Amino acid sequence: MLCNECGKNEASVHAVTIINGVRNEMHLCPECASKHPELSRRFESLAAMTSRPRSLFRNLLNFGFDTDPFEAMENILSCPTCGETLDDIRKTGLFGCSDCYDTFSDQIIPVLEKTQGSSTHKEGEVQKENGQNIGDAVKEEKKPDRLTELQEALKKAISEEAFEKAAEIRDEIKKIKGE
Amino acid sequence: MIMLDWLKDNALSGDIVVATKVNLMRNAEKTPFSHKIKEEEIAELIKRKATECFTGDGRDLRYSEINDMTWQQKNRLVEGQIIPRELCSKENTALIYSEDYSISVALLGEDHYNIQYIKAGFDPEECFSICRNMASLLNGSVKFAYSDRFGYLTASPMNVGTGMKVSVLMHLKGLAASNSMRNVEVSLTQSGFSIRNFYSDESKPYGDLYIVSNTRSLGVTEQDILENVRGTVGRLITQEKETRERLYKDNTLSIEDRVYRAYGILKNSRVIGSREAIQDLSMLGLGKSLGIIDCCSQSMIFRLMISVSSAMMAEIKGTEIERNVSRAEMIRNVLK
């Protein structure tokens, strides 16, 4: 069979692609095949498959995609509270916040089983004193500043006769004061 | 004489255990861990809460920002087991400490609060009890990050659960001299402990001082950890004692010779480097425990082993030779 593209040389690369159910056959000579990067990429994957089983698995899933699906999956998973991704955690060895323990529980449990011999806390000493939440304390401290700020904005809005805005500010002041 | 004050004599000082240290790591609830804190106000508040708690009226603790210290002071605290090295390389970190440094709270290191108590001799129970009281006091003004599933939540999953680390500084001259440290390491690892050298020079250890710590903090209670430490360290003490006695029985003349040579150097030298001094002191410690020589107390030998290191003596002004002269003088003054 002659090459589909140049029509001169004998075709030695045969590729079948199915995109959206449309089957497309290509028969190319090595020279023309080298002009198709998507084909050479697959050949590299094939070479890698034979040498490393882990790559084999990755490449199996990777076939036809530009990104590594594992990496993509892991990077999508980020902690909603602090934004830390598994990749960040892998680099520092540290979680970003206490919520990371829930976000990455599927990943961390096997690691804990291996390194600590357990993944569940055994209750011994628990401190029950009720201290303040630091986040709330910061808000609490900012409260007077925010109030003054709002009261001034309210005055300004009234003097400018921007009553709709004034009403919004008044509601916010009420909320802060806890009324 | 420059030495860390927590290393003072006490009834529990033995031939083998130099000191015991307990750390409790705690973090404020619903707040990013130290390395992820972006808002200055949060960092300041975390520090202020602890300062109000521990340095308030009638309490004897002091507060220092790590950034305000000289590199010599920082090094001395790191080598003296008071702060972890990473506390020096980060912004915003601070230390609350007692005059003798036995009590300390490192602020905004790996965790928001790292409460520590260190004392000479082997007493994990008392160290823990003091740390627990400190944590309880702090908990009165800061709510800690805690979950029923994982316990106290720490930045590193290696400390989660109890957030508790017990470290025991030991002089294992016998086991080191009989090339048994590799086996010791393997058996410690199997029972959930780690061991590392206290002194090492270009990755070569010297001085025969080792730090043994628990690696498990999850799935065990604080009391379990204390019992494991007592059991494991107890076995290690017995093993070290037996090895020392066997070594002495099999090589009496050579050991006596080496002990007296070490004593000769320490008692008479006019200039001595830190490595040589520490190695000779280690030999002297062995001699003292075997009853070969009585030049000063065992705890004094341990105190010297820690206080004559380069890091501890870096604050003495002058050249390195001048410091080597001071070191020799310091040791001569102590030995009988």
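## Salt bridges and polar contacts

Chain A and chain B share 2 salt bridges (a side-chain nitrogen of Lys or Arg within 4 Å of a carboxyl oxygen of Asp or Glu). In this predicted model, local features need pLDDT of at least 70, and side-chain atom pairs count only at pLDDT 80 or more. Residues are numbered from 1 along each chain as its sequence is written.

One salt bridge joins the side chains of B:K36 and A:E84, at 2.6 Å from N to O.

## The side of chain A that touches chain B

Two helices of chain A, α7 (105-116) and α8 (134-159), each supply at least two residues of the side that touches chain B. Helices here are DSSP runs of H or I, at least four residues, and strands are runs of E, at least two. α8(A) gives the most, with 6 residues. By class, this side of chain A has 12 nonpolar, 17 polar and 8 charged residues. Asp, Glu, Lys and Arg count as charged; Ala, Val, Leu, Ile, Met, Phe, Trp, Tyr, Cys and Pro count as nonpolar; the others, Gly among them, count as polar.

## Extent of the interface

In chain A, 37 residues are in contact with 55 residues of chain B (heavy atoms within 4.5 Å). The two chains bury about 3,900 Å² between them, meaning accessible area (1.4 Å probe) lost on being put together, summed over both. Carbon and sulfur atoms carry 54% of the area buried between chain A and chain B.

Conventions:
Chains lettered and ligands numbered in written order. Heavy atoms only, no water.
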